[in-house]
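Subject: Structure handover

Hi,

Here is the structure for you to look over. My notes follow below it.

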There are 2 protein chains.
Amino acid sequence: MEQHFQKKFNHLKELCSQKGLRLTHQRTEVLRELASAKDHPSAETLYSRVKGRVPAISLDTVYRTLGTFMDLGLAAKVPVDGDLGRFDGDVSPHHHVVCVCCGAIRDFIWDEVSCGELPAEVTDWCHVTDTQVIVRGICRDCKGSDS
Amino acid sequence: MEQHFQKKFNHLKELCSQKGLRLTHQRTEVLRELASAKDHPSAETLYSRVKGRVPAISLDTVYRTLGTFMDLGLAAKVPVDGDLGRFDGDVSPHHHVVCVCCGAIRDFIWDEVSCGELPAEVTDWCHVTDTQVIVRGICRDCKGSDS
DNA sequence: TTTGTATTAGGAATAATTCCTAACAACCGA
DNA sequence: TCGGTTGTTAGGAATTATTCCTAATACAAA
Ligand SMILES: [Mn+2]
Ligand SMILES: [Mn+2]
Ligand SMILES: [Zn+2]
Ligand SMILES: [Zn+2]
């Protein structure tokens, strides 16, 4: 899991020098936390986690850093409803299942879709940059304790 | 296109009497506008359109009505990023392409996915209520006029 | 019609995200 | 190693989509 961060960190380092960005402590620690997170955290959640390592960090910095990471292709926002944006440090092609009850988000792969070819009406209308499946449902935990 | 509304209207009428809801002028007109819209309008957009028919309608009523329609299964929110929620009066299973530049949203069907079977890890984790593909890209119109 | 109650209009409140700016700290070259 | 340049941050204010509050309204059952 730390190896995973190292790889991303080197990527960030390279992109920073390329684009004239600075490799700050804040960016490093947000990346570390995002790389190890498996729950697609919100900015607020990430903020409280990173605060353990960088007590003086501000919420705005977390938002700004996530924006920067998305521009650099190091992070993505998961397209789910809900008032809080959910972020993903894994930018490899994969899909998401979200529980509409508790908001939990899980990854899954579906090769038949990822490797399939989009209908021509889609590729004809736009230059595709990302394709993903969003499954909504109610998870087992919420199923048991329904009010 | 009006036939389409009639069908939905009858459905609303039935659901209202079932659930003790009232068939108000506002609900009727929001449904009419949503049924004829093909652009997945935001609440604000829908508000300005419905205002032509119901000048005194409030934005809150549009939001509340859309919430009611979603509860009743007459409308859905399209899971796209952006500050404005985008709504869909078509609840039949279909997918969406969104231009990350101008925000345009188009429908498409992809039977290989819709009729395909989800991986067991998904159906095992939750009770699935909805599956859809979200394609992001840059549309032809935006491609030409890029800044 | 009458009456009970769900619904609305309008404005206030909430809350996620962004903006503003002085202080700070990477990073480059000497 | 040491300044100087300038991108970045912390903190709080501002913005804005959406929701809440409440008196007035208008469905719908009888
Ligand atoms: Mn993911
Ligand atoms: Mn649609
Ligand atoms: Zn759940
Ligand atoms: Zn476009």
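A residue is near a molecule or strand if one of its heavy atoms lies within 4 Å of it. This is a predicted model: local features need pLDDT of at least 70, side-chain atom pairs count only at pLDDT 80 or more, and totals for chains, interfaces and linings use all residues. Residues are numbered from 1 along each chain as its sequence is written, chains are lettered from A and ligands numbered from 1 in the order in which they are written, and side-chain values use heavy atoms, with hydrogens and water left out.

DNA strand D first. Of its atoms within 4 Å of the protein, 68% belong to sugar or phosphate, and the rest to bases.

Now the individual atom pairs. A polar side-chain atom of A:Arg22 sits 2.8 Å from a base oxygen of DNA strand D. The backbone takes part too: a polar backbone atom of A:Ala56 is 3.3 Å from a phosphate oxygen, and a backbone N or O atom of A:Ser58 is 3.1 Å from a phosphate oxygen. Two or more residues each come from helix H2 (25-36) and helix H4 (59-72) of chain A, and from helix H4 (59-72) of chain B. (Helices, H or I, of at least four residues, and strands, E, of at least two, are DSSP runs numbered from the N terminus.)

Next, the metal. B:His40 (NE2), B:Asp88 (OD), B:His94 (NE2), B:His96 (NE2) and B:Asp107 (OD) coordinate the manganese ion (ligand 2) at 2.0 to 2.3 Å. (Donors are N, O and S atoms within 2.8 Å of the metal, or 3.2 Å for Na, K and Ca; water is not among the atoms, so sites may look incomplete.) Their spacing along the chain is H-x47-D-x5-H-x1-H-x10-D. B:His40 is buried at 3% relative accessible area, and B:His94 is buried at 8%. (Buried means under 20%, exposed over 50%, partly exposed in between, with a 1.4 Å probe and protein chains only.)

Last, the symmetry. Chain B superposes on chain A by a rotation of 180° with 0.0 Å of shift along the axis (RMSD 0.0 Å). The two copies are thus related as by a two-fold rotation axis.

Best wishes

Key: Polar contact = N/O pair within 3.5 Å; in protein donor to acceptor, adjacent residues only side chain to side chain. Least-squares fit on C-alpha atoms with pLDDT ≥ 70 in both.
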